Amino acid sequence: MTDPTAAHARPIADTAPLGELCIRTLAMPADTNQNGDIFGGWLLSQMDIGGGVFASKLAKSRTVTVAIEAMNFRKPVYVGDLVSVHATLIRVGRTSIAVHLEAWVMRRKEKQFILVTDGKFTYVAIDDNGRPREIHQTGLPNPA
């Protein structure tokens, strides 16, 4: 059952990733916290990397993360899990892109993906001087 306090949470019953695959990596022992579990900050950084790849591709420029909201940590990630981050476009503004990111894992002995984390990330397109730049919206996909 989905936590009713989780903002913008998708139902936990979903069994397949939505959106574009942005990054796939393996959770390694070096990514663990003091308890031997995969550190939430590591997972957050993988999601941010994947979202940045997605946003930069749409903006056709460098992007920077300006906001992360509504993170839902649903299930743990274990050493050896194959972690995939998928992105779905929420909105394109004049200089910003809002993206819904999902992190899914394939565990060694499982046959289906498991949704472990999702959240909304916002990126701003920047120029070579680090200043916000307008995103040309011609040819961009329609938001979800």
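Analyst: A definition to start: a salt bridge here is a side-chain nitrogen of Lys or Arg within 4 Å of a carboxyl oxygen of Asp or Glu. Note also that this is a predicted model.

User: OK. How many salt bridges in the whole structure?

Analyst: The search finds 3 salt bridges.

User: Start with E20. Which side chain does E20 meet in a salt bridge?

Analyst: E20 pairs with K57, with an N to O distance of 2.4 Å. E20 is in strand β1 and K57 is in helix α1 (residues 40–59), so this bridge ties together parts 37 residues apart in sequence.

User: And how accessible are E20 and K57?

Analyst: E20 has a relative accessible area of 32%, so it is partly exposed. K57 is at 48% and also counts as partly exposed. For reference, partly exposed runs between the 20% limit for buried and the 50% limit for exposed.

User: Next one. What does D118 bridge to?

Analyst: D118 forms a salt bridge with R74, and their closest N and O atoms are 2.9 Å apart. D118 belongs to strand β5 (residues 114–126), while R74 sits in the loop between β2 (62–73) and β3 (82–92), so the pair connects parts 44 residues apart in sequence.

User: Then R107. Which residue is its partner, and what is the distance?

Analyst: The partner is D81, with the closest N and O atoms 2.4 Å apart. This pair links distant parts of the chain: R107 is in the loop between β4 (96–106) and β5, D81 is in the loop between β2 and β3, and they are 26 residues apart.

User: Where do R107 and D81 fall on accessibility?

Analyst: R107 has a relative accessible area of 14%, so it is buried. D81 counts as buried at 3%.

User: Changing topic. Which residues form the nonpolar patch on the surface?

Analyst: L26, M28 and L82 form that patch, and together they have about 230 Å² of accessible area.

User: Where is L26 placed?

Analyst: L26 is in strand β1, which covers residues 20–26. Its relative accessible area is 40%, so L26 is partly exposed.

Terms used
Residues numbered from 1 in each chain as written. Predicted model: local features only at pLDDT ≥ 70, side-chain atom pairs only at ≥ 80, totals over all residues. Heavy atoms only, no water. Patch = residues over 30% accessible without salt bridge, like charges linked within 9 Å, V, L, I, M, F, W, Y side chains within 5 Å. Areas by Shrake-Rupley, 256 points an atom, 1.4 Å probe, with all protein chains shown as cover. Helix = DSSP H or I, 4+ residues; strand = E, 2+ residues; numbered from the N terminus. Buried < 20%, exposed > 50% of the residue type's maximum accessible area, 1.4 Å probe, protein only.
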